[in-house]
Amino acid sequence: MAAMEAVKYVWEGAIPLQIHLHQSEVTTLPPPPPALILAPRIGYLPLLLPHIKPYFSSTLPPGVDTIWFDYKGLPLKWYIPTGVLFDLLCPDPQRPWNLTVHFRGYPGNVLIPCEGEDSVKWSFINSLKEAAYIINGNCKNVMNMSQSDQVELWNSVMNAGNLEAYLRVSSKLKLGIVEDEYSVNFSSCSTKSRQGAGETDMAGQVKTGRIPIRLYVWSVSQDFDDVEDLPEVESWDKVSYINQPLEIIIEEGRYFTLYDAVRTLLPEYFANRPLINEELPREEGADEQNSPSEDASRNRTLEDGEVDTSGNLQTCCTSSNAEIKLLRIQGIEPKLEIPFSWVVNNLMNPERFLHICVCLKVPKVNNT
Amino acid sequence: MDTSFFNGTLSPREFSLASSAFADKWRRFNPTFPSWTWVPCKKLPWAPSDEVEGYLKLENVCLPGSSKVDSEGGSCVGKEETSCSDNEDLIDNATLVQSSHHEVHYYDFHIVYNASYRVPVLYFRAYCSDGQPLLLDEIEKDLPACSAKLLLESKWTFISQEEHPYLNRPWYKVHPCGTSEWMKLLALGDAVQAKNGVSIEQYLVSWLSVVGQVVGLKIPLEMLNDS
């Protein structure tokens, strides 16, 4: 029941946007006021077109519409979920998030084309197929979806309001839940629970233990104490995008943590790290030292109506390696010792990828 | 070796080995054609990584189909060409100027390892002699007839523009989701003919013999038989 609550919060996650029309496309005086829109975290920016276009259409110059967005001059990749873009580009969350919308001059040399809703839908479907392949070793269940199921699945994502419909259709894809003692079944009543357990067992036999992960890594060379001091991403070349499945290795007697996951995905930095359970005492010490900021972080989280997971700035480092300065998933900063199975089962996006934004502090030597 | 070929997939290390073998073989059997070269790359540019990561690239390719279509007004009859020599370029240019005023189209190809599907993926881009990139409908005319038809029917899941994993720019991508299945079938066929089964070194030769047809990039027959 608690787990379903978390999934629901993620599904209903939203970001207040203040959308300004680019000045080069303003043909009336005074310029139109910005549009205020609450955008679903798990949605995609081009899907906001029906809400934005009527607002600005009377002031647009003649020409063919091709909608795109930028944040402080950085063109936004439309195929990345809105919530991930926000976590990545606004380490110090800005509310409302100020974006600029364009209807002309699509930057085709930087952004892949977007032909409206169809492009977004197929980008989503192709990601879902990829996730199915990672988990099951094939994407037959996605390929063999009926037309009505495909429409229902996409509508539930596009409208971002129908979690029940999404769960009903996606359960047919048999994309298994990460299995360990901390796994939670989505079914609530007993008969469904029994049936669900059966399906899970079948899926468990087939799956390879690979988890679909999309990692967005950017680095800083100077230290900082607060996210407010974090320099912002000025170019996409500064962000390393890693589309890398994660092989889960579960040792008997202990669970796989979020920290284990990051260590596995970024082996260059954590090759010499000792086991996480040996690090826990130091973590706890760090938590004690950061009590004030932790309280502030929790308060801010509660005020924003987001899930309260007691997130705080995680610091985790060795003498010569990189340091995790910030890690965000679905707008929260989970503790690194949280069971990774919980993170995956509750914080993944509808296309079954877990999107993780990570900021690393890199020693200056490596920058030369 | 056998385990990998049984399910039609490659590990990153096997991809690196197969790439090296493929580039050597291509150079040996295609001396007049541009060479495939390995481009070392890191996903994390500032990472102290020992592992060699990268992709194969083939640049400035003038596809035979493209030339023939342009110079013969859409007809593909005549002898088959497997390479574009300098002389042929001169002839084609002269013919182009006189008859149809079409520009010669150049293609860059990249073979990139895909960690999700654990198979190689073909990325490409196309441009005119002045470097201007081609639009999709212009590329469509260069493609073999069956590919152009498939592209019309299901472009979203066949060839579409995606972000190049290393260059962070839009490139055309041949979708890889069915690769492991037909590579498995191909490997089984090869294994029946060969006594010792199929080696990793031959993976990319077999792979390109299928994927290359999508874009009209041909492999010499001797290259396929050499194993």
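Glu25(A) is in contact (heavy atoms within 4.5 Å) with Thr59(A), Leu60(A), Pro61(A), His102(A), Phe103(A) and Arg104(A), leaving aside neighbours within four places in sequence. The model is predicted: local features need pLDDT of at least 70, side-chain atom pairs count only at pLDDT 80 or more, and totals for chains, interfaces and linings use all residues. Residues are numbered from 1 along each chain as its sequence is written, chains are lettered from A and ligands numbered from 1 in written order, and side-chain values use heavy atoms, without hydrogens and water.

**Glu25(A)**
- Glu25(A) sits in the loop between β1 (14–21) and β2 (35–40) of chain A; strands are DSSP E runs of at least two residues, helices H or I runs of at least four.
- The Glu25(A) side chain does reach the backbone nitrogen of Arg104(A), at 3.1 Å.

**Sheet in chain A**
- An open, mixed sheet of 5 strands runs β2-β1-β5-β3-β4.
- Its edge strands, β2 and β4 (74–75), each pair on one side only; pairing takes at least two DSSP bridges.
- β3 (68–71) and β4 of chain A are antiparallel, joined by 2 bridges.
- Tyr71(A) has Leu74(A) as its bridge partner in β4(A).

**Chain B**
- Chain B has 9 helices and 6 strands.
- Of its 227 residues, 48% are buried.

Methods
Buried < 20%, exposed > 50% of the residue type's maximum accessible area, 1.4 Å probe, protein only. Polar contact = N/O pair within 3.5 Å; in protein donor to acceptor, adjacent residues only side chain to side chain.
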